[in-house]
Amino acid sequence: MLTPDGLKDGLKTRRFARKIFSFDDIDSTNNCAKALAGCWAEEGTVVVAEYQSAGRGRLGRTWLSNRNENLILSIILRPSLQTAAINLLPLYVAVAVSSAVEAVTGLRVECKWPNDLLIGGRKFAGILLEGSVNQNELDYVVIGIGINVNQTTFPPEINNAATSLAHETGHPVDRAVLFREVMSALEGHYDSLIANGFSGILPLWAARATMINKPITVSLNGTTLSGIVKGVSRDGGLVLQTGNAEQTLFAGDVTILKE
Ligand code: BTN
């Protein structure tokens, strides 16, 4: 069982996860974190849970995670950034979680735009950002992170597309150690992006983006676009070459096609 004291034991951060709310059961850690953020919880406050009854992902999907096996958490940020930065924040989180997972497991993580983390082409982690805006500035952002750590069996509908760190390493991974590494990476990259902007994040994301130069389809609101990924724009969009033209997309469900 993940407890606040156990998670904080050896934590090296100054602000992130200094306050932790932990639950055996919750509907969604993002719901709880949003309620706390609305009541002025301080930046860096974390909600963790062993099980979510209504865990959600992007595009209205469900996030399924076995009890006691994974990391399910949300963290409250209050960045003084314009609302447009909401497209860059997922890349920051993806880079931070990737570097933490790589440090703890030695595995090589792939970033799939906008919010997915893969190993060997299979998804092991997802990121869901939900924010509140006040006069074109972000009031707060809740970053929800689900990492398949020690789950080794998956529902049939995602069995071919999902993986976990235990499955990839061949041994269980200590969730508290990984939690502390994720918090250190999130805080370190956050401090540098607040001081210097996102220019340092983009190359770190692109270095892990195995989808670059690959053919993909992007579906949104019933339409599907095909093209070759050229990279990400300075404002976090996906740059897609479609025939002779380039388009920058800010939302959609990406499928990487076999070449
Ligand atoms: C996705 O891949 O579509 C994003 C998945 C995000 C899942 C996490 S688990 C913790 C937090 N609480 C939720 O309800 N969702 C996020």
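Let's start at glutamine 52: an N or O atom in its side chain is 2.8 Å from a nitrogen atom of the ligand. I call that a polar contact, meaning a pair of N or O atoms within 3.5 Å. A word on the source: this is a predicted model, where local features need pLDDT of at least 70, side-chain atom pairs count only at pLDDT 80 or more, and totals for chains, interfaces and linings use all residues. Residues are numbered from 1 along each chain as its sequence is written, and side-chain values use heavy atoms, with hydrogens and water left out.

Lysine 123 places a side-chain N or O atom 2.5 Å from a ligand oxygen. Arginine 58 uses its backbone: a polar atom there is 2.7 Å from an oxygen atom of the ligand. How much of the ligand does the protein cover? It covers 97% of the 410 Å² of accessible area that the ligand has on its own. That area is Shrake-Rupley, with a 1.4 Å probe.

The ligand sits in the largest pocket. A pocket here is an open set of points on a 1 Å grid over the protein atoms alone, with protein on both sides within 12 Å along at least five of seven lines.

Now the shell. There are 20 residues around the ligand, each with a heavy atom within 4 Å of it. By class, six are nonpolar, ten polar and four charged; Gly counts as polar, and Asp, Glu, Lys and Arg as charged. Which strand gives the most? E6 does, with four residues. Helices (at least four residues) and strands (at least two) are DSSP runs.

Next, aromatics. The structure holds two aromatic pairs, with ring centres within 6.5 Å; planes under 30 degrees apart are stacked, over 60 edge-to-face, the rest tilted. Phenylalanine 16 and tyrosine 190 have centres 5.5 Å apart and planes at 50°, so that pair is tilted.

Last, the backbone. Most peptide bonds are trans. Tryptophan 113 and proline 114 are joined by a cis one, omega about -5°. Asparagine 68 has a positive phi, near 65°.

How values were computed. Polar contact = N/O pair within 3.5 Å; in protein donor to acceptor, adjacent residues only side chain to side chain. 1 Å grid on protein atoms, 1.4 Å probe; cavity = no way out; pocket = protein on both sides within 12 Å on 5 of 7 lines; lining within 4 Å. Sits in = over half its atoms within 2 Å of the grid points. Phe/Tyr/Trp six-rings, centres within 6.5 Å; stacked < 30°, edge-to-face > 60°.
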